[in-house]
Amino acid sequence: MITASTFADALALGFLVYILRRGFTNKRRDNLPPGPNGWPIIGNAFDMPTRYQWRTFAQWGEKWGDIVSVNLFGKHLVILNSFDVADEILDKKSAASSDRTPLPVCGEIMGWNFIVTLQQYGLHLREMRRLIFQTVGTSTGLMELAPDLEHCAHDFLCRVAADPASLTQEVHRFTAASSLKFIYGYTAKKDNDELVKIVEAAMKGFTIGTAPATFLADTFPILTRVPAWFPGAKWKRTAQAWRKDTEAMCDVPYDFAKAQIDSGTAVPSFVASNLGDNVDPQRDALVKDTAASMYAGAADTTVSAIRTFFLAMMCYPEVNKKAQEEIDRVIGPDRLPGIGDREQLPYVSALCWEVLRWKPLGPLGIPHMLSQDDVHRGYLLPKGTVIVANVWNMLRDPRHYSHPEHFNPDRFVRKEGFEPETDPRRMIFGFGRRVCPGSQLAEISLFLICAVSLAAFEISKPVVDGKVVEPSMEYTTGSISHPVEFQCSIKLRSSKAEALLYSASD
Ligand code: HEM
């Protein structure tokens with residue numbers, strides 16, 4: 001029963017809470033961008049979503065505008081909800097907004113500190129990015145990779161045709177096998193390849209370790225000093241176990257490449273072309289760390305994009321058909337499309353951009369950190385502020401995209417009297433001095449798999465017992481978002497396609 005005294009107590013407590021909230025939060029907000037009111041000391045810790053953060057951030061954007069700020073135990077976090085502000089802060093002011101926030105668990109305990117993605121902006125990072133760019137950032141470099149990529153793509157087609165239910169597994173295999181080839185000169189075995197397994201294990205840990213709010217110790221680095229045997233420190237034991245996978249991923253393929261170089265049997269690869277004879281230990285470490293960074297950058301991202309392509313083709317048969325018509329018209333039935341055909345296939349190219357826009361695989365990109373104070377649109381953004389670009393929201397902003405939920409490649413096809421919508425690559429590959437150095441490789445890999453799959457397969461929703469099986473359309477949460485497992489019907493388009501596929505794979 002509610003008595004007068006409990007009511008008065010509740011009222012008093014409520015008033016105290018109100019005073020505390022106002023007292024602390026108004027002071028904090030003086031010059032900072034608006035955002036949800038926080039609590040003393042902990043700030044907005046209770047407001048922060050732990051899953052699908054991009055959706056909550058988008059709702060905050062509706063309430064507070066394109067720049068929203070929150071405070072986590074005294075650390076400032078700013079969320080950018082529109083392309084315009086991301087362009088202003090992350091592209092145009094990139095000299096001040098290109099650092100990264102340290103991730104003590106993933107970096108120190110899991111052993112990923114060496115990776116490009118976690119480096120602060122500076123000479124070392126620039127050198128690593130330069131090496132990557134030389135290999136996968138120029139059209140000459142990419143054309144050298146084309147034959148190996150095409151070989152891996154044909155292998156992918158044959159394996160999926162033989163067992164369509166293994167689609168997800170084969171997408172992983174394609175990404176691993178093609179990366180191992182161009183980075184280390186390693187040819188993956190047909191089945192149960194040891195190196196493919198090593199890399200998959202390491203990437204599992206990496207994806208979890210870089211997802212926002214996975215470990216409390218990333219917010220309170222002092223917790224990393226807790227001994228692993230301590231009750232409640234299971235997270236540390238897990239992170240330490242993952243470290244072995246990280247080390248194996250860096251060492252095993254690299255040792256293979258070096259052994260090939262030493263024995264004079266190396267085939268062209270990133271490692272072979274960047275390691276001459278008698279390299280000094282510093283150069284050795286630079287090439288090894290950059291090689292593993294490329295692998296980590298390519299692995300999960302490409303997998304998610306390719307799986308979204310299959311999902312889209314099931315759900316939008318009219319788009320599927322239009323892309324096939326373009327391929328049939330331009331390429332004809334006597335060969336499979338290749339990387340060199342991209343310019344001649346504008347609709348298929350636009351379809352790939354729409355795959356990246358429709359379900360962005362990195363909904364929040366990778367957060368940047370300010371290396372100096374900034375004042376933007378009258379708001380103070382203090383040095384050390386973590387900047388999160390809500391790419392998911394930007395790519396469904398009606399100011400840039402009509403009917404954003406709809407998968408429609410035509411939005412990017414230039415026609416008379418129609419101006420294409422904003423190029424999604426300006427957002428999906430990140431910003432400023434940290435923009436993805438593998439974006440061109442990502443694009444040609446995605447294009448290749450989409451083009452050959454459209455040429456060879458009929459992709460549709462499966463029918464079981466006379467009923468169409470609808471995909472859930474759900475995506476996972478985390479730093480890289482994947483479609484949850486879905487069934488897909490994949491059949492060869494014709495006996496001609498079948499013959500073409502097996503002869504290409506030979
Ligand atoms: C569709 C596929 C891909 C997408 C959507 C993607 C997206 C991104 C994004 C959003 C970033 C962070 C940019 C920023 O901080 O503003 C990034 C960084 C990076 N990506 Fe990619 N990426 C893809 C494929 C690749 C591939 C194939 C490679 C292989 C070379 C790669 C290598 C990297 C590296 C090394 C970084 C770290 C750059 C840095 O921190 O300076 N990515 N990528």
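**Close-up views of helix packing in a predicted model**

Helix H17 is mostly covered, with 16 of its 18 residues buried. The model shown in these views is predicted.

**View A. Helix H17 and its residue Ser-439.** From its first C-alpha to its last, H17 reaches 26 Å, close to the 26 Å expected for its 18 residues at 1.5 Å a residue. Ser-439 lies in this helix. With a relative accessible area of 17%, Ser-439 is buried, because buried means under 20%. In sequence, Ser-439 and Ile-428 are 11 residues apart, and their C-alpha atoms are 9.4 Å apart in space.

**View B. Helix H13 and its buried face.** Helix H13 comprises the 14 residues 317-330, which should span 20 Å at 1.5 Å a residue; the end C-alpha atoms are 20 Å apart, in agreement with that value. Its buried residues are Val-319, Asn-320, Ala-323, Gln-324, Glu-326 and Ile-327. Seen down the axis of H13, these buried residues fall within an arc of 155 degrees, so they line one face of the helix. An α-helix has 3.6 residues a turn, so residues three or four places apart point the same way. The face of H13 turned away from the buried side carries the exposed residues Pro-317, Lys-321 and Arg-329. The cover over the buried residues of H13 includes helix H12 (281-315), helix H14 (346-358), helix H17 (439-456) and strand E7 (457-460). Just after H13, Gly-332 adopts a positive phi of about 80 degrees.

**View C. The crossing of helices H12 and H14.** The axes of H12 and H14 come within 9 Å and cross at roughly 100 degrees. The two helices are therefore roughly perpendicular to each other, since angles of 65 to 115 degrees count as such. On the H12 side the contact is made by Ala-305, Thr-308, Phe-309, Ala-312 and Met-313, and on the H14 side by Leu-351, Val-355, Leu-356 and Trp-358. By class, the residues of this contact of H12 with H14 divide into eight nonpolar, one polar and no charged.

View D. Thr-308 has its place in helix H12. Its relative accessibility is 1%, and Thr-308 therefore counts as buried. Leaving aside neighbours within four places in sequence, Thr-308 is in contact with Val-355, Trp-358, Lys-359, Tyr-475 and Pro-483. Val-355 and Trp-358 are among the residues of H14 that make the contact with H12.

**View E. The oblique pair H5 and H6.** Helix H5 (residues 123-136) and helix H6 (residues 139-162) have axes that come within 5 Å and cross at roughly 60 degrees. H5 and H6 are therefore oblique to each other. Gln-134, Thr-135 and Val-136 in H5 meet Gly-141, Leu-142 and Leu-145 in H6. The contact of H5 with H6 holds three nonpolar, three polar and no charged residues.

**View F. Arg-433 in the loop between helices H16 and H17.** Arg-433 is found in the loop that runs between helix H16 (425-428) and H17. At 35% relative accessibility, Arg-433 counts as partly exposed. Not counting residues up to four places away in sequence, Arg-433 touches Ser-94, Ala-95, Ser-98, Tyr-121 and Arg-129. Along the chain, Arg-433 and Phe-230 are 203 residues apart, and their C-alpha atoms are separated by 41 Å.

Key
Residues numbered from 1 in each chain as written. Predicted model: local features only at pLDDT ≥ 70, side-chain atom pairs only at ≥ 80, totals over all residues. Heavy atoms only, no water. Helix = DSSP H or I, 4+ residues; strand = E, 2+ residues; numbered from the N terminus. Expected span 1.5 Å × (residues − 1). Buried < 20%, exposed > 50% of the residue type's maximum accessible area, 1.4 Å probe, protein only. Arc of directions from axis to C-beta. Contact = heavy atoms within 4.5 Å. Axes fitted to C-alpha atoms, helices over the stretch in contact; angles between N-to-C directions. Parallel < 35°, antiparallel > 145°, perpendicular 65-115°, else oblique. Nonpolar A, V, L, I, M, F, W, Y, C, P; charged D, E, K, R; others polar.
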